[in-house]
Amino acid sequence: GDTLDPRYPAPQAILAAVQAHAGLQFAEALRVERETFVALARGPEAASLVGLFLADQAVRKQARRHAEGASPVRRAAVLGAGIMGGGIAYQAAASGTPILMKDIRAEALDLGMRTATAQLDRQIAKGKLSEAQKAAILERITPTLDWQGFAEVDLLVEAVVERADVKAAVLGEAEGLVADAAVLASNTSTISIDRLAEGLRHPERFCGMHFFNPVPMMPLVEVIRGRHTDEATLARTVAFALALGKTPIVVGDCPGFLVNRVLFPYFNGFNRLLQDGVDFERIDRVMEAFGWPMGPAYLADVIGLDTMVHADRVLQEGYPARMGHDGEPVMEQLLAAGCLGQKNGRGFYLYGTDEHGRRQREPSAEARALLGTPSAEVSDQDIVDRLMIPLCLETVRCLEDGIVASAAEADMGLVLGLGFPRFRGGALRYIQNQGLAEFAARAGRHAHHGGLYQLTDDFRARLHSGQRYH
């Protein structure tokens, strides 16, 4: 059978207690049970998981508060019919909202419809959906090459290529064709909402609505409030995300918003380890043992090295002092050699299938060749710290900058948007479980690695006053 996950100690401890009970007197058995319960209840895993449950409640309550009095979205539209557009169209149609899906290329519309259909076929294979239900859902998606029907749309999500000039042009054109009361939202992952709003006549009706890939699997939606976004726009967008069955978190506008702004410092730490000659396969093993669903090299391949490099450049431009690199990052070198990751089967790993059609991966010689000679002995704990300290401190900065309103929302955003290990409870909970003093000591040991490892004034103030994050 399945082995018990040692990172969640309760099931193992309960089994041990039950086995011990067999040979014990009643009073003695009660003592074992009591001691087991107390040890588990006091452990960091319980604090993290109880904290997450409470954070989840708080985030849902906050979302309902934002959505109060919102006018419902009766018809939606998505611009751009790639994997993201198709995923958004599927999500709307599956939750009962008719949606127009527009693109300028017929083959893109076909891809969008295939994306939605594949998702429905998976549901049918699991016995969760009938053919008739599939047909009804697909009927709610109208693929189109023109702007017909856009005057009836209540909310439009732009999901075209991640380039500010293209997005701004498409949004400007769409604004003239939708009703005055319609909300425009951009599914950008990194580009500033205020920058995209510059060319709009009604920036108050514009905000960010950042879905995560793959859309049907990822519960988080970042709703980004621009400088001009009004409350009615925010309310309708949050209400729409809730209607899609997602967990929306309202965040402020900055490069990368919450999730990507916090993720790229982690990758910056990864790049520094690579430049020190630490093997990426080892880093992946260590970070998976830490609790991440996949290590950084594999995650970069899954996201796509072209996407990674593009977003990394946006963040370098946004925060040059902290997020710049010394020399050319390893991912840029891989990309220059034509490696895209899983998209073309070559990245940090080579992807193929064995004779049974099972997917396989092995480390790529190209990636190995780019690694420096190991310059220092690095322990597993060093690997964890050099990746996690930048991620945690950037989360601290997001809270200080008001990009996210509460520690609960920051931690839930990372758990739902990044797959942060649940038993560790999010970045701020992870700092708190270690103790702020211990975290500060670890950051101090790695401070020579640059700006991402420096404690903030607010963190120091909390440390001295004994204030917690949760």
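The model is predicted, so local features need pLDDT of at least 70 and side-chain atom pairs count only at pLDDT 80 or more, while totals for chains, interfaces and linings use all residues. Residues are numbered from 1 along each chain as its sequence is written, and side-chain values use heavy atoms, with hydrogens and water left out.

Start with helix H2 (residues 26-41), where arginine 31 and glutamate 28 lie three residues apart, about one turn of the helix. Helices (H or I, at least four residues) and strands (E, at least two) are DSSP runs, numbered from the N terminus. Arginine 31 and glutamate 28 form a salt bridge, with 2.5 Å between the closest N and O atoms. The term stands for a side-chain nitrogen of Lys or Arg within 4 Å of a carboxyl oxygen of Asp or Glu. The structure holds 29 salt bridges.

Next, select Val50, Phe53 and Leu54, which make a nonpolar surface patch of about 310 Å². Valine 50 is in helix H3 (residues 44-67). Patches are made of residues with over 30% relative accessible area and no salt bridge; like charges are joined within 9 Å, and nonpolar side chains (Val, Leu, Ile, Met, Phe, Trp, Tyr) within 5 Å. Accessible areas come from the Shrake-Rupley method with a 1.4 Å probe, and for residues only the protein chains shown count as cover.

Now show helix H4 (residues 83-94) with helix H5 (residues 106-125): their axes are 7 Å apart, at an angle of about 50 degrees. That makes H4 oblique to H5. Axes are lines fitted to C-alpha atoms, for helices over the stretch in contact, and angles run from 0 to 180 degrees between N-to-C directions. Under 35 degrees counts as roughly parallel, over 145 as roughly antiparallel, 65 to 115 as roughly perpendicular and the rest as oblique. In H4, Ile83, Gly86, Gly87 and Tyr90 meet residues of H5 including Leu111, Gly112 and Thr115; contact means heavy atoms within 4.5 Å.

Move to helix H11 (residues 280-290) and helix H12 (residues 296-303), whose axes come within 7 Å and cross at roughly 100 degrees. H11 is therefore roughly perpendicular to H12. Phe280, Ile283, Asp284 and Met287 of H11 make the contact with Pro296, Ala297 and Tyr298 of H12.

Finish on the backbone. Asparagine 213 and proline 214 are joined by a cis peptide bond, with omega about -5 degrees. Proline 214 is in the loop between strand S6 (206-211) and strand S7 (220-225). Phenylalanine 257 has a positive phi, near 55 degrees, and is found in the loop between strand S8 (247-252) and helix H10 (259-275).
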